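The sequence and the model are shown first, and the discussion follows.

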Amino acid sequence: MRNIENLYDYTVGQFEAIDHMLTMGVGVHFAALVFFIVVSRFVAPKYRVATALSCIVMLSAGMILFSQAAMWTDAFRFNGEVYTLQDLTFSNGYRYVNWMATIPCLLVQLLIVLNLKGKSIFSTATWLIISAWGMIVTGYIGQLYEVDDLSQLMVWGAISTAFFVVMNWIVGVRIFRNKSTMTGGTQSTITKVFWLMMFAWTLYPIAYLVPQFMPSADGVVLRQGLFTVADISSKVIYGIMITYIAIKQSAAAGYVPAQQALDKIGMDKSAVA
Ligand code: RET
């Protein structure tokens, strides 16, 4: 009974909205997995790990969302009027555990397209991963209190946010420092990636705070909606932008499959010339 999801009855509309959002999330991540596998051949070996990391994130997120959707439909039964909890419970905790793996992948793919190498990629990745894990572990602990003790939710949330700020600061500094190394006209795209991250990643702490500002069945629908928008933006759209940058930089470095792909879809003719 750790999550507020288990406290309410849901109308058919509320129940199905959540079921449909989770199921859509599964579909989007698996479809994107196919996309990343197919386009990885246009990415030069130097950047290909970035796209491979997107594949891992898609598989991992698709699987966790599949299990969230199954858990949601297993936990509640329709009694002719509303959906009520049965002898199983629903938990968001699995998401947090999944982030321990997916967030490092998302951060490392960013560092790869920022052209960081050797010692500097290793040390930046280490600091980013330490702060990300600090953020996740403290957030995981906090969400265990969302039903029983909102003050604990807030205290752990504040500690987690401190890690989040450090992580964002490192990301911002790295992007704006390394922008000048980026080729193929990708400097404006990386700025967009930065703002996408700031937007999408902030939706997660808002979802965390739902028990504080909207403890109701509608709040639960809002929370699962926030998670869905955040997941698709921070992993799928982000991954597409990262791979786009990787292909453009590959073309600028003379990688022929990248040049052919860009020429064909008319995105960048200058890189071929
Ligand atoms: C928590 C706890 C409350 C405070 C903050 C949080 C931040 C979570 C974030 C999650 C990002 C997840 C991603 C997943 C990709 O697979 C832990 C909810 C600040 C930023 C990008």
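Tryptophan 72 is buried, and phenylalanine 90 is buried as well. These two residues belong to a predicted model, and together they form an edge-to-face aromatic pair. The pair joins distant parts of the chain, since tryptophan 72 lies in helix α2 (residues 45-75) and phenylalanine 90 in the loop between β2 (83-85) and α3, 18 residues apart.

A pair of aromatic rings is described by the distance of the centres and the angle of the planes. The table gives these values for the two pairs.

| Aromatic pair | Centre to centre | Between the planes |
|---|---|---|
| Tryptophan 72 and phenylalanine 90 | 5.3 Å | 85 degrees |

In total, the structure holds 16 aromatic pairs. One aromatic cluster consists of Tyr10, Phe15, Trp72, Phe76, Phe78, Tyr83 and Phe90.

The packing of two helices comes next. Helix α3 (residues 93-113) and helix α6 (residues 187-208) pack with their axes 13 Å apart, at an angle of about 170 degrees. Because angles over 145 degrees count as roughly antiparallel, α3 is roughly antiparallel to α6. Their crossing is left-handed. On the α3 side, the contact is made by Tyr96, Trp99, Ile103, Leu106, Leu107, Leu110 and Val113. On the α6 side, the contributing residues are Ile190, Val193, Met197, Trp201, Tyr204 and Tyr208. By class, this contact comprises 13 nonpolar residues, with no polar and no charged ones.

Methionine 167 touches residues from both sides of that contact. This methionine is found in helix α5. With a relative accessible area of 0%, methionine 167 is buried. Leaving aside residues up to four places away in sequence, methionine 167 touches Leu107, Leu128, Ser131, Ala132, Met135 and Trp201; Leu107 of α3 and Trp201 of α6 also take part in the helix contact. Methionine 167 and serine 131 are 36 residues apart in sequence, while their C-alpha atoms are 5.7 Å apart in space.

Conventions:
Residues numbered from 1 in each chain as written. Predicted model: local features only at pLDDT ≥ 70, side-chain atom pairs only at ≥ 80, totals over all residues. Heavy atoms only, no water. Axes fitted to C-alpha atoms, helices over the stretch in contact; angles between N-to-C directions. Helix = DSSP H or I, 4+ residues; strand = E, 2+ residues; numbered from the N terminus. Parallel < 35°, antiparallel > 145°, perpendicular 65-115°, else oblique. Left-handed = near helix turned anticlockwise from the far one by under 90°. Contact = heavy atoms within 4.5 Å. Nonpolar A, V, L, I, M, F, W, Y, C, P; charged D, E, K, R; others polar. Phe/Tyr/Trp six-rings, centres within 6.5 Å; stacked < 30°, edge-to-face > 60°. Buried < 20%, exposed > 50% of the residue type's maximum accessible area, 1.4 Å probe, protein only.
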